[in-house]
Amino acid sequence: MPREGILVKNPITRLTNDQLQKIHDSSMRILSDPGLLSYNKQAADIFKSAGATVTEVEGGDHPSWHIQIPEKLVMDAIKKAPSTVKLGARNPDNALIMKGDESRVYFITGSETNIWMDVEIAPYVKKDDPSIEVQVSEFHPRRGMLMDLCKSAHVCEHLDTVDGYIRTVNIQDKDITEENKDVNKFFASLNNTTKHIMSGLTTLSQLDNVVKMAEMIAGGKDKLKENPLISFITCLVKSPLQFVDDTTDTFIEVCKRGLPLAVSSSPQAGTSAPIQEAGIMAQINAEVLAGITLGQLVNPGTPLLYGSVPVRARMDTLGDSYGAIETSQYNIDCVQMARFYNIPNYSTSGVCDAKIPGQQSTIERLFSDILVALSGPQYLHCAFGLLECNSIFCLTQAVLDDAHFAMLKFFLNQPEIAEADLAEIEKQIKEVVATPQKLFIRHLRPVMRSGKITPAYPFEGDGNSDNVMALAHKRMEELLATPVEYIDEATTEKIFKEIPGLLPRLNVYTKG
Amino acid sequence: MSQEIISKIKENVIQGRKTQADEGIDDGYSGTSGVQELTRAAIEANIAPNEIVNEALTAGMQVVGEKFETKEYFIPDMLASAEAVEVSMDILKPLLADANIKPKGKFAIATVKGDIHDIGKNIVAIMLKGAGYEVVDLGIDVTTEKIINYIKNESPDYLGLSALLTTTMLEMGTIIEALKKENLRDKVKVFIGGAAVSDEYAEEIGADAFCLDAFSAIKILDASV
């Protein structure tokens, strides 16, 4: 049985059918003129063979091609793109089944950050009254390392609301090189969680080693096809409307191997896309559809996710403002666009501008988490533990996020209104109103431990004290101390023997 | 045999089972005797009533209190256990009187005039009964006159006053003034509770204590016995 996710029965929407059609029509016009500028020759050749108008751009530092894609090519590709995408898992019970026309939401971590933030809970004594001591969180940012990635995957394995895992931290150990980074980050993730793993590739040269590793874990090539326990994410389009050379190569090669991947585009309204909602939507939709079209031309039937990471620019710095309300609006629009095409959507929520866990972080992330989740994306890349626009990862924040998603999941439970239950309840009411105290508490008790009542906020402090961070941190430490199911010893041995570049300290069966 | 029945009563107090119709917290109790049936069995087996009170009921509530402290139990669990104790005490009451064993004290409780909120008052009443006090519930929207008359005629050891509203809490001060006027103030200890009141307010109107909830009420009362 795959993971259940949460089914959003009545997803919230912003765009009317007429507006969806208008955005689609505009995207088609954009794809046709001006089309995309491709810095990748393979993509230009593939589109040319398929009937697009491709012209080489004269001059410039890098060779490039203008690709003008006719609507028919795009529509044929949309028809070929699977409406159901399975993302497998090392534990098959953790597989995710995503259907383009079903608003079943799965919560997935990511993205990759350079900075890992340690939290220290330190006692502080009041100057005027030394008898008063409080616990204060201190935050220590530092460079992310390989063992941090292991810790993050380990904790996410135990977080109930985390359905899948995108590596949260860029590994920057001294012995990590461009060549060995991919195999180490995939192994560290796969070994510490039995959930689905999605990742980008640092270098295309390692694609086959990563796929081979996944095949060994899955039990062979065919088994990996049946249970694709890894998938990829590629930002092949740089906004506005440009195929990037190296990521497009990666995209094409992954498509050839038939593994699932997210076609992601991340325009910034105001700088790399128009500031108007209609404008960024028409552009991002064109960019994602260009990627989907390329994928289906390379290998018809390749399982693709309609990946959208739109964001509004900050007015003070022109950096990304994920905390901006418009960012949530764009994401909800993208969920609707993907549903319009019946392709599962990869959407974004929970990214915040705040630099440390706290009130700003909670307000910003919850605002978009609630709204975007309620719009019903299938793959919700919801920034577990991320801070400062995805540049910092904090494991304690991830534990806090898990509690918030548990609330959201509970809220989306469907009401249970059945005749038989009502008859029983009416009996209960008659019985209680006849007692002197008129309390229903006796009937509450059997329900209390059934999981049908939301538990209290797990990090609630005693009295007036706010111990949220200290309690979440303690929970994180408990989860770290709880074992995970590693890849078995024989497979681990085989992987270390056959896959070059793996660092011995990742082998849990040796002292490495 | 007697030790076995005592253990079972204690166990069922912990499970919060008044009768055999009740479910426990753990599985496997369905259809087995609850505190009511077991208390009757204990009397038939000639177990001394004070032994039932001390070894089964009080000891059981002690465990329940500990489980509540460690957040394993919630208030509904405490109430279920207190109700189980109450049902046993109702059976034991005449036997305890015959043996000249008295309850910890007599506690009159009321929601003051103008206020009809009674969830908190009812919970306190159930918990105090479970803790071994004789509780007389005077009801809701109770006039000062009715309270004064009751104190005059029945001489309870304690008076518990409840108010939820900032408008009705003023009645508590009126009642204490009336007690003073009738020379009854030193004959009864007055405890106040409810969302509107506080330690400061208790001090201001001359009440003996403010009880934050049913558990603090039991603690304060037990300390004063």
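Mentor: Take helix α8 of chain A, which runs over residues 245–256: at 1.5 Å a residue its twelve residues should span 16 Å, and the C-alpha atoms at its ends lie 17 Å apart, which agrees. The expected value rests on 1.5 Å times one less than the number of residues. The buried positions in α8(A) are A:Thr247, A:Thr248, A:Thr250, A:Phe251, A:Ile252, A:Val254 and A:Cys255. As background to such a pattern, an α-helix has 3.6 residues a turn, so residues three or four places apart point the same way. The partners against which the buried residues of α8(A) pack include the helices α2 (41–50), α6 (207–218) and α9 (277–298) of chain A, and on the strand side they include β12 (230–234), β14 (242–243) and β15 (261–265) of that chain. Just after α8(A), the backbone at A:Gly258 adopts a positive phi of about 70 degrees.

Turning to the chain around this helix, chain A has 16 helices and 23 strands. Its radius of gyration is 25 Å, close to the 24 Å that the globule rule gives for 512 residues, so chain A is as compact as a globular protein of that length. The C-alpha trace of chain A spans about 85 × 60 × 55 Å along its principal axes, and buried residues account for 49% of the 512 residues. Of the contacts in chain A between residues at least 6 apart in sequence, 74% join residues at least 24 apart. As for confidence, the predicted model as a whole scores ipTM 0.78 and pTM 0.84.

Note on methods: Residues numbered from 1 in each chain as written. Chains lettered and ligands numbered in written order. Predicted model: local features only at pLDDT ≥ 70, side-chain atom pairs only at ≥ 80, totals over all residues. Helix = DSSP H or I, 4+ residues; strand = E, 2+ residues; numbered from the N terminus. Buried ≥ 20, exposed ≤ 12 C-beta atoms within 10 Å, placed from the backbone. Contact = placed C-beta atoms within 7 Å. Rg over C-alpha atoms; globule rule 2.2 N^0.38 Å.
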